[in-house]
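Here are a few notes to read alongside the model. Please keep the structure open as you go through the points.

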Amino acid sequence: MIMYIFIYGLLKCLSLLNKIPTSQDKERFFSRFFINMDNSTEDVQSDESSTAPCYNAYCLSDEDYINMVEQHVQPNAGEWILVVIFIILFIVGLVGNFLVCYAVIKNSQMRTVTNLFIMNLAIADFMVILICLPSSLLVDVSETWFFGEVMCKIFLYLQTVSVAVSVLTLSAISIERWYAICHPLSFKSTASRARNIILTIWLLSACVASPDLVTARTYRSLPIRYNHVKWLVSCRPSWSQRSQFIYQMFLFIALYLLPFCLMAFTYTRITLVLWREDIPGVNETAGGHRLMTENRNPNTNAQLQTRRKAAKMLITVVIVFGICNLPVHILNIVRYAKVSNNLNAISIFSLISRFLCYVNSAINPIIYNFMSAKFRKEFKSVCLCCVSPLEHEQQTQRPKSGGSYNISYSRTNCQTEQFTLISVKE
C-alpha cells in the first residue's frame with residue numbers, strides 16, 4: 001500500500017514539471033476551481049444562463065465535476081524516470097541506514113561513543129525515509145492527504161522530531177569529538193553517558209515538535225457537497241499564519257543556525273589541533289616536554305591518522321546535512337511569510353527542497369562506506385552473509401569409515417573457518 005502511494009506520488013511529480021503553468025494561469029485556475037470555504041455560506045450557486053442550481057465553480061454535473069478533479073490530480077504516462085530515481089533513493093536509504101545500525105549492534109568493537117551517536121542518526125534517517133518520503137511527496141504532487149487527521153498529526157510530528165534528532169545528534173558528536181581531541185584530560189566519554197545524551201536528544205526533540213502534534217488538522221478544498229471525494233484534502237497546522245511563521249523561525253534558529261555555529265566552532269578547533277599535530281595529552285612526555293613529530297611512537301602516528309579520517313568523515317556529514325536542509329528552511333519561511341506569490345516557483349522549489357532532505361537521509365551510509373574502513377568492512381561482511389548464507393551456516397559432514405570430518409562454523413563477522421578431523425576406525 002505504501003509503495004503504491006509512493007509510486008503514484010512520483011508519477012504526479014513529473015506531471016507538474018511537464019505542465020508548468022504561469023502564475024497567472026495558476027491563480028485563475030484556483031479561483032474558478034475551488035470555492036473559498038471560509039467566505040462561502042452556501043453550497044449552491046446560481047447560474048446566469050440557467051435556472052438550475054449550480055453546485056460547483058464550473059456548474060457541471062456532479063459526475064463531470066468529480067472527473068475533472070480526478071484528471072487534475074492524475075499523472076501522465078511519461079514520468080517513470082523520476083519514479084525509478086525515488087524508488088532507488090527509498091531502497092538505498094532504508095538498506096543503508098539499517099546496515100549502519102546492524103553493524104554497530106552486531107560488532108562489539110564498533111560500539112564506540114561516536115558510533116552510538118552515528119547509529120542514533122541512522123535511526124532518525126530511517127524514520128525520514130520510511131515515514132516521510134512516500135507520504136510527503138504524494139501530498140506535494142497530488143495536493144491531497146489520504147490518511148486522516150490522526151495520521152496527519154503523527155506525520156507532521158514525526159517529521160519535525162526526526163529533523164531535530166538529526167541536528168542535535170550531529171551537535172552532540174561535534175561536542176564529544178571536541179572534548180576528546182582538544183580537551184582529553186577534562187572530559188571522559190563513556191557509552192553510558194552517550195546513551196543518556198541520546199535519550200535526552202529524543203525527549204528534547206519530542207518537546208520541540210509538540211506544536212505540530214497539537215495544531216495539525218485536515219482541511220477540504222472542495223464544496224461540502226463533495227465531502228465523499230477523497231481528493232484535495234490538505235494536512236497543515238490550524239493556528240494563524242503569523243504563529244506558524246514564528247514557529248518556523250524558531251525551528252530555523254534552534255535546529256539549523258545555532259547548531260551550525262556550534263559545529264563550525266568545534267570542527268574548526270578539531271581541524272587546527274589534528275593538522276597542527278599538537279594534540280593535548282599525546283605529544284607530551286612524563287616530564288611535560290613536547291615530542292617532535294619524528295620522535296613520536298608509531299602508535300601515536302596511527303592514532304593521529306585515524307582521528308583525522310574520522311574528522312574528515314564527520315565534517316563531510318555536517319556539510320552535506322547543511323546543504324541539503326537549508327532549502328527546506330528557506331521554503332517554510334518564504335511560504336508562511338508570504339514573501340512570494342509565485343505558486344509555480346514555490347511548488348518546484350518545494351519539490352527540490354524535499355528531495356534534498358531525503359537525499360541527505362539516504363547518503364550518510366554511503367559517506368560512511370567511502371570514508372570509514374571499519375564501516376566499509378562491516379557493510380561488506382553483512383552483504384556477504386546475505387548473498388551466500390549457506391556458506392556461513394554451521395555444517396557437519398559425516399564421512400564414511402576411515403574418512404575425515406569437515407566441520408565449518410561461522411563467526412559473528414561471517415568469516416567461515418574449516419577444520420578437518422581424522423576419524424578413528426571403529
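1. Helices α4 (80-106) and α11 (343-371) each supply at least two residues of a nonpolar patch; helices here are DSSP runs of H or I, at least four residues long, numbered from the N terminus. The patch covers about 530 Å² of surface and is made by Val84, Ile88, Val92, Ile366, Phe370 and Met371. Of these names, Met371 is found in α11. Patch residues have over 30% relative accessible area and no salt bridge, and nonpolar side chains are joined within 5 Å. Areas come from the Shrake-Rupley method with a 1.4 Å probe, and a salt bridge is a Lys or Arg side-chain nitrogen within 4 Å of an Asp or Glu carboxyl oxygen.

2. A word on the source: this is a predicted model, where local features need pLDDT of at least 70 and side-chain atom pairs count only at pLDDT 80 or more, while totals for chains, interfaces and linings use all residues. Residues are numbered from 1 along each chain, and side-chain values use heavy atoms, without hydrogens or water.

3. Now to α5 (residues 113-142) and α6 (residues 148-182): their axes come within 9 Å and cross at roughly 160 degrees. Axes are lines fitted to C-alpha atoms, with angles from 0 to 180 degrees between N-to-C directions. The two helices are therefore roughly antiparallel (over 145 degrees; under 35 is roughly parallel, 65 to 115 roughly perpendicular, the rest oblique). By class, the contact of α5 with α6 has 15 nonpolar, 8 polar and 3 charged residues.

4. How do α6 and α7 (residues 191-208) pack, and at what angle? The angle is about 140 degrees, with the axes 8 Å apart, which makes α6 oblique to α7.

5. Lastly, α5 and α7 pack at about 25 degrees with axes 9 Å apart, so they are roughly parallel to each other.

Technical notes
Nonpolar A, V, L, I, M, F, W, Y, C, P; charged D, E, K, R; others polar. Patch = residues over 30% accessible without salt bridge, like charges linked within 9 Å, V, L, I, M, F, W, Y side chains within 5 Å.
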